[in-house]
Amino acid sequence: MFSKYNKRFFMIILLIMFFFIIILFRLASLMIAEGEGHREYAENRIVKSISISAPRGEIRDRYGRLLAGSRPSFAVEVSKNDIVNEQINEISMELVQIFQDNGDAFIDEFPIIYENHRFEYTFDNSIDKWKNDYEIPSWYQAKEAFDLLRIRYEIEETDPIDVQQQLLAIPELSVPISIRTWKFNDEMKKEQWLKKFYIPDDQQHPEDAFNWLKEEYFEIPDSYSRDEARMVMAIREQIETQLPGFMQYQPIKIAQDISQRSVTMIEEMIYDLPGVSVVVEPIRTYPEKTSAAHILGNLGKISQQSEIERYINELGYLPSDIIGKTGIEHSFESNLKGQDGTQRVVVDSKGRLVRVLEKEEPIPGDTVYLTIDIEFTKKVEQILEDVLGVIQSGGTYETPWGSNKLVGKQGPRENANAGAVVVTDVKTGEVLAMASYPSYDPNLFVTGINSENWESLLPENMRDPLAPRPLMNIAMSTAVQPGSTYKMLVGLAAIEQGLDPAYKILDRGFIQVGEHTFGNWLWNQSRSTMGNQGLYEAIAQSNNYYFYSIANAYDYSKERALPYEMNIETLVEYAEMFGLNDPTGIEIQIPRERYGGVPDPASKSRMVKAMLRNHLNRILTLSDLDEEKVEITDETLKSVIEELVAMSDENPPRWQVYDNIVTMGIKTERANAITDLVKYSYYNQNYWSLADTMNFSIGQGSHAYTPLQMANYMATLANGGVRNQVSIVQQVLNKHENVKHLMERNDPVVLEFNKDDSLDHIKRGMLAATVTGGARSYFNQFPISVAAKTGTAQREGKIPPADEVIYLLEHLRHFNVSEEAVKNETQRLMQENKENHLFKDEGYAMREAIKFLNPSIRNSDLDQFKADYDNFSWFTGFAPYDDPQIAISVLIFQGGSGGYGAPIFREIVAEYMGLNQKENDTISLFNSFQIE
């Protein structure tokens, strides 16, 4: 029995040994005989996880027409882990050569350039250019530049965050300053860049840094020229610094939207370019180019510190990602972004795809539907551009609906080269068209705008705030006086308080208020008067005398009170009822919508105090303090200035102001001049006067409203007093989940009036303006009744030249001073007044030098060769009169006459109502809006 079991056990052992021997032979075969082949296979098969960019969500108009979408494009990516260090410079140079041969750009953010026979940091150049553009002395540090801007724009010195927000709200101004560190943004970027590459302190001069990076960090051979070395470093900077270390396996994009020829050349050389791959990626495209550009906005790289903190640190964006910077692209960034996909693939050693292991598809961003009709918008834009061209040339604007010569006694308005139009639905508040001219092509920004294109978008004269700025959204961010378009609210307030619209006031030409004369426009123009007029005629003829009277509840022609009460608080109340002091609610966050422009006693006092504080900051120095009475410190000077500002509320008599100033510690020899300044230029102005009410009543003074606000004001008049939130976004569609989100809007504000027919009287006057009034010549052939009002907003002052110094030198012969003497005196004044920021401006210093050398010269003499600014031109209203559908506001920069906006208004109504409809058209714009 035992032997039987031993035999079985022996057989099992033999069997196991047999299989073990077979395994050993197979392993030997794999490792020795076939080892080299398998080793090569393993080395040439690499598993990678690759990110797949999600297409950015689309933006479409109310009818689904594409406004912003994506198109396929070729990009070049480099996987750092797949490149042998010894080859990286050679590979980079090969790629540069391919791109240059085919006219393709690569991503070049290397911040050292060679220009003007020297090496420079682009960081420093950006700061210098910004200072030059905004006339900031070159030696100013960030805090000094910030304070100069605050003083220049008359912003009260409060919390720096509040000041920064007010500065950023100024459309033409950029403020690249961190108030946390009091450094320029580019200054901080430079510090971070130097730290990132571990550049030694003694090698941080741009030329030293360039050579150190070339030789020590990137180890670029001496055989490469300076330009070749720089381009290689630009490529390598992208490869080596765009991602944190734990993500080095991710490919880095080094070129976007390259040509088919570059793609072919790279594919042909793929064996010589390990780690390099060409991928297809979606890229933003705007098929309508410049149309609706200010609504759509533009894209850009993550660059500002606030963007880095939000998008990279908080939301996990990659540093190379493109984000929405302005317009809908910015406001709906989270909807439009989409979710990137990934795929795990096997590639060979040359980076060629072998097979896909698994794939997670990217999820495109949501589709945002706007309220605008792009075809209607394009017509509005073309009408605006055409009329501006005629105004500039002083020609005749002809259409089937009228022939109007757009030139007055002053000749062509050559500077009428910018403007805006807003068209809204009076029933819903939806924007149907919003145009600012000039415009720009947002396609320039999709992969990063180059310096040449950027320069083309800047104004030719940065010193002129009214120079055409293609990037400016005038409709939202330009707030100016409304002129006579405001008079309807004064009339409405008076009716509500008890004015009889039929009551007639005799126009006597002008009203004298102290030293001020307030004349009707016709009196100012030709010393003529308009006779007796009631409300309808006064609106139609834009009778200033009438509105001066009803705003003060006083008939100046008969020198007796009118039978109702009126004050500035009531007038302000009606302006606020119609939304003129509030944002409209439009869903565009950048640029910021301007609002808060209704003047009142409190805002006037704040403005006077801010101006006084800024003036004192400019003229008072430590040398003005008496060391026997006070400690000579910056804190003491600041305290003195604040005491002087606070004293404006009391407005004491002059002797008391003088005593207080001496007591505060200002030297006696300076006390008289400071006393006269604060007392007569500021304290006496720090109250609401009758003159202020006069200006308020005709839309002049400190009123400031945007075309968007004015359109909503017109819509509220037209629809019977329902103030809607202005909206430009209709809905957001998530195609992935097939979910539609209609935009939530604030409930309409239904205004309450004391009299049921108050608005009817106002609208009747606006109808008269187009039938018998100032705008009748523009509508006498028009088949549709409309209600509208002209407006002229005063713009005083001289147009500043692009370079004040050059201007002064060109006209020195008229000032009886020599060029050599002026230049020497200018330098002396700048040296002796280093603490006064005004003298850090060479143009200002030269003006003072000329006046010193020739005391008979005044500022007006120096400015006599500069052109005058012309007035803003407004035209606002609604149509049709009997059944209002749309509200329109038109603003023209330096248009001179309010009537010049009338042809724009008329042609927009004609387009909307289908009057230009061709025989084969089956539907008008008006009907298309209704059947939606």
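Q: Where is threonine 326 found?
A: The model is predicted: local features need pLDDT of at least 70, side-chain atom pairs count only at pLDDT 80 or more, and totals for chains, interfaces and linings use all residues. Residues are numbered from 1 along each chain as its sequence is written, and side-chain values use heavy atoms, with hydrogens and water left out. Helices (H or I, at least four residues) and strands (E, at least two) are DSSP runs, numbered from the N terminus. Threonine 326 is in the loop between strand 11 (322-324) and helix 13 (327-331).

Q: Which backbone atom does the side chain of threonine 326 reach?
A: Leave aside neighbours within four places in sequence: threonine 326 is then in contact (heavy atoms within 4.5 Å) with Leu296, Gly297, Asn298, Tyr440 and Ile590. A polar contact is a pair of N or O atoms within 3.5 Å; within protein, one must be able to donate a hydrogen and the other to accept it, and residues adjacent in sequence count only if both atoms are side-chain atoms. At 3.1 Å, the side chain of threonine 326 reaches the backbone nitrogen of asparagine 298.

Q: What joins isoleucine 590 and proline 591?
A: Isoleucine 590 is one of the contacts of threonine 326. Proline 591 is in the loop between helix 22 (568-577) and helix 23 (601-619). Most peptide bonds are trans. Here omega is about 5°, and the link between isoleucine 590 and proline 591 is a cis peptide bond.

Q: Is arginine 906 buried or exposed?
A: Arginine 906 belongs to helix 35 (residues 902-912). The cut-offs are simple: buried is under 20% relative accessible area, exposed is over 50%, and partly exposed is in between (1.4 Å probe, protein chains only). Because its relative accessibility is 0%, arginine 906 counts as buried.

Q: How far is the backbone oxygen of tyrosine 778 from a polar atom of the arginine 906 side chain?
A: Beyond four places in sequence, the contacts of arginine 906 include Tyr397, Trp401, Tyr778 and Phe782. With tyrosine 778, the distance from its backbone oxygen to a polar atom of the arginine side chain is 2.8 Å.

Q: How many salt bridges does a search of the whole structure find?
A: Side chains of opposite charge can pair when their charged atoms come close. A salt bridge is a side-chain nitrogen of Lys or Arg within 4 Å of a carboxyl oxygen of Asp or Glu. The search of the whole structure gives 45.

Q: How many helical turns separate lysine 378 and glutamate 375?
A: These two residues form a salt bridge, with the closest N and O atoms 3.3 Å apart. Lysine 378 is partly exposed at 28% relative accessible area, and glutamate 375 is partly exposed at 29%. Because the two are three residues apart in helix 15 (residues 374-393), their separation is about one helical turn.

Q: How many residues apart are arginine 463 and glutamate 804?
A: Arginine 463 and glutamate 804 form a salt bridge, their closest N and O atoms 3.5 Å apart. The pair links distant parts of the chain: arginine 463 is in the loop between helix 16 (451-456) and helix 17 (474-477), glutamate 804 is in helix 31 (residues 804-810), and the separation is 341 residues.

Q: Which residues are linked with Arg463 in a network of salt bridges?
A: Glutamate 804 counts as buried because its relative accessibility is 6%. The network links Arg463 with Glu804, Arg847, Asp863 and Lys866.

Q: How many of the 16 residues of helix 9 are buried?
A: The expected span of a helix is 1.5 Å times one less than its number of residues. For helix 9 (residues 226-241) that gives 22 Å, which agrees with the 22 Å between its end C-alpha atoms. Helix 9 is largely enclosed by the rest of the structure, because its buried residues number 13.

Q: Is glutamine 894 buried or exposed?
A: Most residues other than glycine have a negative phi. Glutamine 894 has a positive phi, near 50°. This residue is in the loop between strand 31 and helix 35. Because its relative accessibility is 3%, glutamine 894 counts as buried.

Q: How much of the chain do buried residues make up?
A: The chain has 36 helices and 31 strands. Its C-alpha trace spans about 145 × 80 × 60 Å along its principal axes. Of the 932 residues, the buried share is 52%.
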